[in-house]
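Please read them alongside the sequence and the coordinates.

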Amino acid sequence: MELFSNQILAGISTGAIYACMALAVVMIYQAIDHLNFAQGEMAMFSTFISWQMMQWGIPYWAAFFLTIGLSFVAGIAIERILFKPLAKAPVLTNVAGFIALYSIINSSAGLIWDFTIKQYPTPFGSAPFLGSQLISTHQAGMIGVTILLLIGLYFFFQYTRVGLAMRAAASLPESARLVGINTSWMIALGWGMASAIGAIAGMLIAPVVFLEPNMMGGVLIYGFAAAVLGGLTSPLGAVVGGFLVGIFENLAGTYIPGVGNELKLPIALALIISVLVVKPAGLFGRAIVKRV
Amino acid sequence: MSAAVEEVVTEAPAVEAVPKRAMTLGTGTSLVVLALLILAPLVVKNFVIFQLTMLLVYGLAVLALNILTGGSGQFSLGQSAFYAVGAYTSAVLMEQYNVNYALTLPISGILCFAVGFLFGQPALRLSGVYLALATFALATAMPQLLKLNFLEPWTGGVQGLVVTKPDAPFGLPMSQDMWLYYFTLAITIAIYVGAVNLLRSRSGRAFMAIRDNEIAASAMGIDVALYKTLAFGVSAGITGIAGSLGAIVVQFVAPDSYTIGLAIQLFLGMVVGGVGWLPGSIVGAAFIIFVPNMAENISKGLSGAVFGVLLFLVIFVVPHGARQVAIFCQQTVAKFRKR
């Protein structure tokens, strides 16, 4: 029994990583109806920028918030320059654009900061949290930040005019435009927010997985799995999905014989496929009804 | 649970509709291309022959994806998985059971058709980005599955398998590379002709009807589920044959040769070649084989970035890929003829 509860605790702490990433994935999916395959790389680049700032002697929290601001602006810039002209293009072209972006960011980061693995500091320390060996204060802090972020987003979308406008632009673009919402800028805003959330996720994950240009590869896939499980239309679902994927991954690794570390990834992917087949809208997502 | 209503009318189509005629080349151009492909290996070095063979192999794989996406409008980022199954089928049959290399091709074709058909079943319920995600998952999982311990006696685990290169038959005075080139070329042409005919047949028209409007297609009496899974099966089968050829040509299979990277390359090949334009498959294959090399020459550290920038250029300047260039050339030629 103790093994079981320990594994759940460990699952929750890895799940926090996935939850962060899934939140960013859902944000952008809400805004543009596409899954951004370059999301992880954008987060990685932001993390490198904050690392560079700290190398220049800027204190952690200043670098943290500066990076969030910069990522927000960069996200908007990427949308305005590269993806706005593709808004009407087929999905296929957009996916190709994401792949191109992925390739550009990954390679530039490799050139600027090279591929050696770097340590990344944590503001929360890495002592055991409440005397447990399985969850450190950093992971607890990460869970805390994720939940704060979720609450903040909830209030933003429910109680502010901009949040309302963004929801309107996402669900019924035509009608939103008719009531005077600038849907094009709402999409740009969505990119900016997704990029900023991605930056937060990256900076929180970096102390755990270490900083290098390919650090986000695996994390992004788990983020996708979490977002799909929770429902691509629900930020709350993404976070819950993240924790569930973390727990599921740990339990499967412990209790199902033959599932070692090497099969953890296929398990996450099997999860994606089975969720998509059984309940495509995810646990918390809205079912989309198409009018023909 | 509240339901969101989505206006289908205003949505950009997942895939640009391509008229049936615009899917192939004219007879004259086809003959010129064919002659070039037949004569090319006589004048170039062995390494270039090897590259040309890989060009045909990738061309075949891109063609398979083109049938799926350009024909029936379904996505796949998972072609590398079918390619891997085909490659491994050939390698295992040739090395562990001493089966003749030519005989392994139909076997892996049939096997991959079955795998694709079965994968098409759950994929039926998905479309657009969800299908991309599910196939993406398949592609990422495949290398891990190939490394499984209990498959190791056959697959050789992480080490992979070395495949022996076949000699030219009947004592033909040809190097092994050249023989393989012509062998691959013959199969590619056969499959290309088959694919063109398939798209012109009743089944091909059913694919396209589903691509353009699923509901209208089912109203016309097309069994949507059957034809969608069939498209997946055919595409997987052809990809499997390409995988087999690839394994024979490269003489080596290992799990890490068939990662998601390969699937992405094939996808890019299709976009660059022009979705739904079958001859574009070869152009797309040329893009994914030669452009990374070129990018490496321009700047070693930034090759990925150069590749990405080139891809953006293609998307912005010629969004319909090589098809657009071909149509432009055709119109220019027609203008000159009128004068």
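1. Helix 1 of chain A has 31 residues, and its first and last C-alpha atoms lie 44 Å apart, close to the 45 Å expected at 1.5 Å a residue. The expected span of a helix is taken as 1.5 Å times one less than its number of residues. Helices (H or I, at least four residues) and strands (E, at least two) are DSSP runs, numbered from the N terminus. Helix 1 of chain A bends by about 30° at A:Gly15; the bend at a residue is the angle between axes fitted to the seven residues ending there and the seven starting there.

2. This is a predicted model, in which local features need pLDDT of at least 70 and side-chain atom pairs count only at pLDDT 80 or more, while totals for chains, interfaces and linings use all residues. Residues are numbered from 1 along each chain as its sequence is written, and chains are lettered from A and ligands numbered from 1 in the order in which they are written.

3. How many residues of helix 1 of chain A are buried? The count is 23 of the 31, so helix 1 of chain A is largely enclosed by the rest of the structure. A residue is buried if 20 or more other C-beta atoms lie within 10 Å of its own, exposed if 12 or fewer, and partly exposed in between, with C-beta atoms placed from the backbone. After helix 1 of chain A comes A:Asp33, with a positive phi near 65°.

4. Helix 1 (residues 2–32) of chain A packs with helix 10 (residues 235–255) of chain A at an angle of about 140°, the axes being 6 Å apart. Axes are lines fitted to C-alpha atoms, for helices over the stretch in contact, and angles run from 0 to 180 degrees between N-to-C directions. The contact of these two helices has 16 nonpolar, 9 polar and 1 charged residues. Ala, Val, Leu, Ile, Met, Phe, Trp, Tyr, Cys and Pro count as nonpolar, Asp, Glu, Lys and Arg as charged, and the others, Gly among them, as polar.

5. A:Glu41, in helix 2 (residues 39–55) of chain A, is buried, with 28 other C-beta atoms within 10 Å. Leaving aside neighbours within four places in sequence, A:Glu41 is in contact with A:Tyr102, A:Ile105, A:Asn106 and A:Met216. Contact requires C-beta atoms, placed from the backbone, to lie within 7 Å. A:Glu41 and A:Met216 are 175 residues apart along the chain, yet their C-alpha atoms are separated by 6.6 Å.

6. A:Gly163 lies in helix 6 (residues 161–171) of chain A and is partly exposed, with 16 other C-beta atoms within 10 Å.

7. Chain B has 14 helices and 3 strands, and buried residues make up 48% of its 339 residues. In helix 8 (residues 202–212) of chain B, the buried residues include B:Phe207, B:Met208 and B:Arg211. Among the elements covering the buried residues of helix 8 are helix 2 (46–72) and helix 7 (176–200) of chain B.

8. B:Gln251 is not a glycine but has a positive phi of about 65°. B:Gln251 sits in the loop between helix 10 (224–250) and strand 3 (252–253) of chain B, and is partly exposed, with 14 C-beta neighbours inside 10 Å.

Conventions. Contact = placed C-beta atoms within 7 Å.
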